[in-house]
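Please look through the sequence and the model shown here before reading on. The explanation that follows is meant to be read with both in view.

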Amino acid sequence: MGTLLTATPGQTIGPFYGYALPFERGNELVPPGVPGSIRFHGLVTDGAGEPVPDVMLEIWQADGDGTTPRSSGSLHRDGWTFTGWGRVSTDDEGRYSFTTVEPGPTDPGRAPFIAITVFGRGLLNRLFTRAYVPGPDLLDEPLLAGLPEDRRQTLIAERDAHGLRFDIRLQGENETVFLRFSAGE
């Protein structure tokens with residue numbers, strides 16, 4: 001049997017996102033201009049409502065048919081393979097943007113969503129949330145149904161002329177609902 005080790009913070013110094021983590025076209029789950037492509041974008045703000053310029057976001061999602069990609073090689077963008085994963089940093093105004101497709105539901109009757117992980121200064125561990133695609137299936141979505149009505153809207157993206165907008169509020173009034181996963185999940 002191995003020795004049980006005490007958990008430590010996810011980040012002890014740094015983070016150094018600009019050094020090793022960004023990669024070419026990391027924000028392009030599909031190339032811009034591909035038929036069916038959308039822009040998934042938003043603004044990350046702190047508890048005072050100020051933009052946060054040094055956050056890194058990762059997303060995972062199903063394709064338009066609701067199929068979750070299982071192939072490796074998501075760091076190597078070839079211009080046509082949808083890998084369902086992307087990474088981007090916020091700009092100086094706290095904005096982020098991905099080029100992707102609108103996800104389909106992964107199970108019948110379930111609402112489609114984009115899973116998001118937030119990494120940033122002052123966060124000892126990453127934060128997890130979801131951006132649900134607006135639509136009729138939201139009424140029956142178990143995660144949303146389990147939240148107080150006034151908190152649900154923080155997990156629902158808004159449609160705009162380019163695709164989907166999802167703003168993330170790290171704390172304070174209208175803080176985005178963040179999810180917690182048990183060890184081993």
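Predicted model: local features only at pLDDT ≥ 70, side-chain atom pairs only at ≥ 80, totals over all residues.

Residues are numbered from 1 along each chain as its sequence is written, and side-chain values use heavy atoms, with hydrogens and water left out.

Strands of a sheet pair through backbone hydrogen bonds, either parallel or antiparallel. Here four strands, in the order S3-S2-S5-S6, make up an open sheet with antiparallel pairing; strands (E, at least two residues) and helices (H or I, at least four) are DSSP runs numbered from the N terminus, and two strands pair if DSSP finds at least two bridges between them. Strand S3 (85-89) and S6 are at the edges and have a single partner strand each, so one side of each has no neighbour in the sheet. On average, and with direction ignored, neighbouring strands of this sheet are turned by 25 degrees against each other, where axes are lines fitted to C-alpha atoms, for helices over the stretch in contact, and angles run from 0 to 180 degrees between N-to-C directions. Between S2 and S5, which run antiparallel, there are seven bridges, and Trp60 has Ala115 in S5 standing opposite.

Strand S2 also holds Leu57. Leu57 has a relative accessible area of 0% and is therefore buried, a word that means under 20% relative accessible area, while exposed means over 50% and partly exposed lies in between (1.4 Å probe, protein chains only).

The largest pocket has a volume of about 360 Å³. Of the 21 residues that line this pocket, Trp60, Gln61, Thr68, Phe113 and Ala115 are the closest to its centre. The elements that give two or more residues to this lining are strand S2 (55-61), strand S5 (113-120) and strand S6 (127-132), and the largest share, four residues, comes from S5. On a 1 Å grid over the protein atoms alone, a pocket is an open set of points where a 1.4 Å probe fits, with protein on both sides within 12 Å along at least five of seven lines, and lining residues have an atom within 4 Å of a point.

The second largest pocket holds about 260 Å³ of space. Its lining has 13 residues, of which Gln153, Thr154, Ile156, Glu158 and Asp167 lie nearest the centre, and strand S1 (37-45) and strand S9 (168-169) each supply at least two residues.

Two backbone angles remain. Arg25, in the loop between helix H1 (17-20) and S1, has a phi near 60 degrees, a positive value in a residue other than glycine, and Arg25 is partly exposed at a relative accessible area of 32%. Asn174, in the segment after S9, likewise has a positive phi near 60 degrees, and counts as partly exposed at 48% relative accessibility.

Technical notes
Points joined across faces, edges and corners; volume = space filled by probe spheres on them.
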